[in-house]
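Please look over the structure below.

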Amino acid sequence: MEILSKVHARNLVEWAKNKPDVYVLSADLTNSTEIDLFRDTYPDRFLSMGVAEQNMISFAGGMTREGLYPFIHTFAVFIYRRAYDQIAISVAYPNLPVRMFGFLPGVTTPGGATHQSIEDISIMRSLPNMTILECGDATDVESVLDLAHSINGPVYVRMLRGEIPRLFAQQDKMQLNQARTISRGNDITVLSSGICTEEAMYAIQAMQRVGLSIQHMHITTLKPFSDDQVLEAIANSHYGVITMENHSIIGGLGTIIGEQMAESGIGKKLVRIGLKDTFIHGASRSYLMREYHLDAAALIEEVGKLIGHDLNIDEDELARAYVAPIHSNAKVEAL
Amino acid sequence: MIGIQPSWQEEVKQVAYGIRRRVLEHTVINKGGYLSQACSAAEILATMYIRIMNLGKTDEPLMPLPFTGVPGPNNPNAFTGAIFNGPKGPQYDRFILSPSQYALVLYALLIEVNRMAPEGLHQFNVDGYTVEMIGAMHSPGMEVMTGSLGQGLSQAAGIAMARKLRGDTGKVWVFMSDGEWQSGQNWEALQAISFYKLDNLGIYIDANGQQCDGAMCEVMNIEPFADRLTAFGAKVYRVDGHDLDMLVKPILEPVQQGKPLIVIADTIPWRGIEILKERYPKLHYVRFFTEQEREQYAAILKSL
């Protein structure tokens, strides 16, 4: 698998080249959100706002009213937790095209509870007019800019940085409301988002080897959600559906799918893999994924429960998921 | 004084009188209203509209539009109330009402300066209309959402930043209250305004010393207010908010390059309707508890 480094840093510079109305706003996390190259390339379109997120969000709302497009960059928690009222009133209510890039989703940082966004989808999803996108690989990170920028209204992006795998071909871009099908099958449907897709791919490859037929789809649009292909896949799955997300099971992908199934009258079993209504703590991504049951082994375990017997898949049979080192040259701090 | 003609002062006085009279009338009819804000801010707002801001003209007094739905990707009919402040243009100033609890005072002002039809006030707080009690961005004279205190200045700063980048000559004027400066976001905003040298932004503050819970000195002190604002990089003037010449004086002074202008206008929240003083320190919203009380105010309305 190809692993890329600092995808957003280079991509943003290229993408914004002929877009003079696109401004990047930073809240003192310029290197940490990979906008240093943008700052150096287009210093006139880079606004340093300091550690003052509430002002940054409302300020961005004001800029859009004059035809500019502010691209907010900071850690996700400092967007939706720190400035929620500002997002609701200065941006979401007036439906303004502020693009918010929230970094360090869930377990992707050892920064601890203060830095780990575990309920951002839940919070942002309940805001009228808000669109929510989540990146799971390098192709997502590259193509999310076009998609976000095509939206008439505010967009919140769960963003990745540092070393990221490429799971989808470069031309297989993120599209609104359209899941990407990774494998087809009718025993079970697995719906994964963000970094969980890579984990799910390893688990599913192993499960296919023991004869299971699995429909695996990668979800990038969390709101709005109206993808009939997904519901069709669930309806056609013999045992039911498993959602897998790097987020609380309350209000995220699992909740979304539950709502969709209930409204469509799909009477299948739903298993939600994700954070079980708990905060997490500062530790490595691989440790947290294992500890909180978000990894490939967790999926295999849940599939076993769903079909009623242990799959007996040895961990050695799982292709090793790529684990980015905590201390990497692709990141400034070890956050 | 240079640049000051007696005529504008007469006009401001008349408009200020009209604001107080209209808000008092409204308060008597509706058995309640934001009356003290009219008393404290009448001269400031009238001076801003008549003498300070360069707003585009409205052809005739406009009727407020009924509610057409909240803004959204599928609602092309949503609008803002900025049309009452005239057409937008690079040379024109913009007006942002930060404490939208002053909406009633703004509506009264817009009527007095012939930007809004008097009948528009009959839609105040009426279901299905936009002349809301706490003004929203579709309410007459309003352009952004500011009812959650602290967000007005940041949004105005974003507008000022964009206008500066575009090279507009028009300014962005923000009307604020003093109580809302207890909110941290305003200080974040001023920090950014100073950092980006947004001298195309000016602020008039109605310093009436009042807030919802009572007198500010009892609820949460913000003094030394002028020193704090100065320390944050603003060019600050502190004036008598009922003295028209003093309200205008700061804009006649040479512009302080790179600094936002802030005028703290000290005001009296019962100015012009002295009976209000009896309610001190609870002046944020006037509600009549007895018919007798209402008649007292009705009598004052007749005598005005």
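Predicted model: local features only at pLDDT ≥ 70, side-chain atom pairs only at ≥ 80, totals over all residues.

Residues are numbered from 1 along each chain as its sequence is written, and chains are lettered from A and ligands numbered from 1 in the order in which they are written.

**Chain A**
- Chain A holds 12 helices and 14 strands (DSSP runs numbered from the N terminus, helices being H or I of at least four residues and strands E of at least two).
- The C-alpha trace of chain A spans about 60 × 45 × 35 Å along its principal axes.
- Of the 335 residues of chain A, 52% are buried (20 or more other C-beta atoms within 10 Å of the residue's own, with C-beta atoms placed from the backbone).

**Domains of chain A**
- Domain 1 (3-165) and domain 2 (180-317) make up the assignment for chain A, with bounds from an automatic or database domain assignment.
- The C-alpha centres of these two domains of chain A are 27 Å apart.
- Their contact takes 24 residues from domain 1 of chain A and 28 residues from domain 2 of chain A (contact: C-beta atoms, placed from the backbone, within 7 Å).
- On the domain 1 side, strand 6 of chain A gives the most, with 4 residues.

**Contact between chains A and B**
- Chain A contributes 25 residues and chain B 23 residues.
- Helix 3 of chain A gives the most to the chain A side, with 8 residues.

**Nonpolar core**
- The largest nonpolar core has 186 residues, and those touching the most other members are Leu299(A), Val105(B), Tyr107(B), Leu109(B) and Ala157(B) (a core is a set of buried Ala, Val, Leu, Ile, Met, Phe, Trp, Tyr and Cys residues joined through C-beta atoms within 7 Å).
- Helix 2 (residues 35-52) of chain B supplies the largest share of this core, 12 residues.
- Beyond its neighbours within four places in sequence, Ala157(B) contacts residues including Phe59(A), Gly62(A) and Leu201(B).

**Annotation**
- An unreviewed UniProt entry annotates residues 87-268 of chain B as "domain: Transketolase N-terminal"; such annotations may be inferred rather than shown by experiment, and positions are given in the numbering used here, with feature names shortened.
- Residues 87-268 of chain B are 32% helix and 18% strand, with end C-alpha atoms 34 Å apart.

Methods: Buried ≥ 20, exposed ≤ 12 C-beta atoms within 10 Å, placed from the backbone. Contact = placed C-beta atoms within 7 Å.
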